[in-house]
Amino acid sequence: MLNRIFKPAILITLVVSTILSMGSCQKAKDTVGVVIVKDSNGNLVSGATVVLHLDSLSENQQGNFYNPSLRKTDITDVNGRAEFTYELEGIFQVSVQKTQGNNTLTGYNVIRLLKEKTVTQQVRVN
């Protein structure tokens with residue numbers, strides 16, 4: 001009699017624990033920042049160097065960055081797009097530079113990355 005009650009109880013316990021543990025195996029989504037670079041006429045700019053970094057307060061007294069892994073650089077593609085992936089959210093400075101002949105185009109902005117979301121920010125260079 002005890003065996004008839006004990007076996008279903010063990011089976012139910014195993015099923016419930018399996019279901020609960022499956023929900024915890026989901027990988028967190030990436031935190032992604034996308035920067036679109038345009039010129040003063042609104043045209044997409046390819047080949048521009050885009051840098052995401054913290055402001056100057058992120059440097060210690062020796063002039064070194066507290067966490068240099070937060071500074072990332074990418075080159076825009078033909079669609080004027082540069083993409084950056086981080087584990088956590090944060091607020092970053094965006095610096096863009098593009099050399100065309102003897103001219104250097106620059107642009108600046110700020111991007112706030114939200115955890116597990118993709119955030120897009122435009123930067124105009126001139």
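**View 1. The whole chain, shown as a predicted model.** The accessible surface of the chain comes to about 9,000 Å², and 53% of that surface belongs to carbon and sulfur atoms; such areas come from the Shrake-Rupley method with a 1.4 Å probe, and for residues only the protein chains shown count as cover. This is a predicted model, in which local features need pLDDT of at least 70 and side-chain atom pairs count only at pLDDT 80 or more, while totals for chains, interfaces and linings use all residues. Residues are numbered from 1 along each chain as its sequence is written, and side-chain values use heavy atoms, with hydrogens and water left out. The chain holds one helix and seven strands, which follow one another from the N terminus as α-β-β-β-β-β-β-β; helices (H or I, at least four residues) and strands (E, at least two) are DSSP runs, numbered from the N terminus. Of the 126 residues in the chain, 28% are buried, where buried means under 20% relative accessible area, exposed over 50%, and partly exposed in between (1.4 Å probe, protein chains only). Among the contacts in the chain with a separation of 6 or more, 59% join residues 24 or more positions apart, a contact being heavy atoms within 4.5 Å.

**View 2. Confidence along the chain.** The mean pLDDT of the chain is 84, and 71% of the residues score at least 70; pLDDT is the predictor's confidence in each residue, from 0 to 100. Among the elements, helix α1 (residues 2–23) has the lowest mean pLDDT, 65, whereas β7 has the highest, 98. Where pLDDT is low, the predicted coordinates should not be read in detail.

**View 3. The open sheet of three strands.** Three strands lie in the order β4-β1-β7 and form an open sheet with mixed pairing. Because β4 (81–86) and β7 (118–125) stand at the edges, each with a single partner strand, one side of each is left without a neighbour in the sheet. From one strand to the next the twist averages 20°, with axes taken as lines fitted to C-alpha atoms (for helices, over the stretch in contact) and angles running from 0 to 180 degrees between N-to-C directions. Strand β1 (residues 31–39) and β7 run parallel and are joined by eight bridges, and within this sheet Val37 stands opposite Val123 in β7. Two strands are said to pair if DSSP finds at least two bridges between them.

**View 4. The open sheet of four strands.** In this sheet the order is β3-β2-β5-β6, and the pairing is antiparallel. Its edges are β3 (72–75) and β6 (103–113), each with a single partner strand, so one side of each is left without a neighbour in the sheet. Here, too, the twist from one strand to the next averages 20°. Strands β5 (residues 90–100) and β6 run antiparallel and are joined by eleven bridges, and the bridge partner of Gln97 in β6 is Thr106. The hairpin of β5 and β6 has two residues between the strands, and in this hairpin Gly101 takes a positive phi near 65°.

**View 5. Strand β2 and its two partners.** Four of the five residues of β2 are buried, so this strand is largely enclosed by the rest of the structure. On the β3 side, four bridges join β2 (residues 49–53) to β3 in an antiparallel arrangement; there Val50 stands opposite Asp74, and Leu52 has Lys72 as its bridge partner. Five bridges join β2 to β5, again antiparallel, and the bridge partner of Val51 in β5 is Ser95.

**View 6. The largest nonpolar core and Val94.** A nonpolar core is a set of buried Ala, Val, Leu, Ile, Met, Phe, Trp, Tyr and Cys residues joined through side-chain atoms within 4.5 Å. The largest one has 18 residues, of which Val35, Val37, Val50, Leu52, Val94 and Val96 touch the most other members. At least two residues of this core come from each of β1, β2, β4, β5, β6 and β7. Leaving aside neighbours within four places in sequence, Val94 is in contact with residues including Val35, Val50, Leu52, Tyr108, Val110, Ile111 and Val123.

**View 7. Gly47 in its loop.** Gly47 is found in the loop between β1 and β2, and at 36% relative accessibility this residue counts as partly exposed. Although Gly47 and Val78 are 31 residues apart in sequence, their C-alpha atoms are 7.5 Å apart in space. Beyond its neighbours within four places in sequence, Gly47 is in contact with Ile75, Thr76, Asp77 and Lys98.
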